[in-house]
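Thanks for coming. I will take a few places in this model one after another, so please have the structure open.

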Amino acid sequence: MVGTYSFALAFTTPIILFLSFQLRNVYLTTNEYKFNEFLFTRVVSMIFGSVLIFLLAKYLSYEQNILIIIMLITFSKCIECISDIYHGLLQKSERMDVISVSKCLKGIIGLVFFGITLYISNSLILGTAIMSLIWVIILVAYDIPKANSKVKEEFLRFSFQRVKRIVLISYPLGIVTTLDALNANIPRYFIQNLSGQDELGYYSGIVYLMVVGSTVIAAVGQALAPRLSVYFNNDAEKFKAFCKRIVIIGSIFGVIFLCLSITFGKILLKIVYTEDFLKYYDVYIWIMVTSSIWYIASLLTYIITAAKFFKIQVPLFLLMLLCTFICSILLIPKYGVIGAAWSFCAGNVLRLIGSVLVTNNILLNITRNSPHKQTSF
């Protein structure tokens, strides 16, 4: 069951992430476009993505239950993406408290109802459907009313030319997000084909523990993005100082997270999963090492994005993906699940090195009077 859910998630995530275009981050770092133009772009792209996923799944002739789970996860991802753009509006109004409540409601209520439904019915389809319904209710009853109080724009009043420009500006970030997701999923594809669903379930369960820290990093990065953008455009020295503080704090967080993960790792695996996961403790250690590297690299990516260095991120993430793919070919057939962890780690190390180089270039070359010149890098 875990393997089926993980496979469906791996199938849908790259497409949805690409079509999300990181619109929230673009919206937070620019004042040139209206919120309703970003919202329209997000809604249309999610509809297109849902149709594309359905057609692709039908073409590949997956079993009916897998197809249903794929479409339910797609629907929940679309709801999450629409909620995300509303969160961007709230964040720009500095209503982080509303965003926190929304995320807590989705996480706690959605997980509780998912778990109860799964326990009673033993049906992954029904559990996923209930969780998606909960997310829809929270979006309609909480996110939209709270966000609409901050904007008076009409949804259907927009310029297609402006929407087109939004897509042209943000599509590199869509590619970057997709490459990041593919990088995480490449080892899963190899495990699925070489070791089967059971091994995939163990590996995916351990990798999912990265979400704990990534949620914190995402919240911090998104909260800092508007200020970083303002400093980049108006005060080079403040931008440099702020970036250095972010890197130092991120590095400390990564080290603390790694130390706690190693110290309490076996206890965590027993509590969150079962004792069966203890035989994959070495995989867990490598995934936690990778997590710490990924967290620091992610904070650097927020800095690069705030500086509007969008296009340079594409080759950086392509190199990361290529590294993970080559390592997966070489290591997973021979070493199995631990080889997958090594491959995932190698790709993220390369991303961190590249992110450091790009960030260093920004900090060395930024000038107060010509920030826009830097975006051509």
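Serine 102 has a relative accessibility of 0%, so it counts as buried; buried means under 20% relative accessible area, exposed over 50%, and partly exposed in between, with a 1.4 Å probe and protein chains only. Serine 102 sits in helix α5, residues 96-121. Helices here are DSSP runs of H or I with at least four residues, strands are runs of E with at least two, and both are numbered from the N terminus.

A note on the source: this is a predicted model, where local features need pLDDT of at least 70, side-chain atom pairs count only at pLDDT 80 or more, and totals for chains, interfaces and linings use all residues. Residues are numbered from 1 along each chain as its sequence is written, and side-chain values use heavy atoms, with hydrogens and water left out.

What does the side chain of serine 102 make a polar contact with? Its partner is the side chain of aspartate 143, at 2.6 Å. A polar contact is a pair of N or O atoms within 3.5 Å; within protein, one must be able to donate a hydrogen and the other to accept it, and residues adjacent in sequence count only if both atoms are side-chain atoms. Leaving aside residues up to four places away in sequence, serine 102 touches Ser83, His87, Ile138, Tyr142 and Asp143, where contact means heavy atoms within 4.5 Å.

Next, helix α9. Its 25 residues, 210-234, should span 36 Å at 1.5 Å a residue, and the end C-alpha atoms are 35 Å apart, which agrees. The expected span is 1.5 Å times one less than the number of residues. α9 bends by about 40 degrees at alanine 225, and proline 226 follows within four residues. The bend is the angle between axes fitted to the seven residues ending at a residue and the seven starting there. Among the buried residues of α9 are Gly213, Ile217, Ala225 and Phe232. Their cover includes α2, α4, α8, α10, α12 and α14.

Finally, helix α13. Just after α13, glycine 336 takes a positive phi of about 70 degrees.
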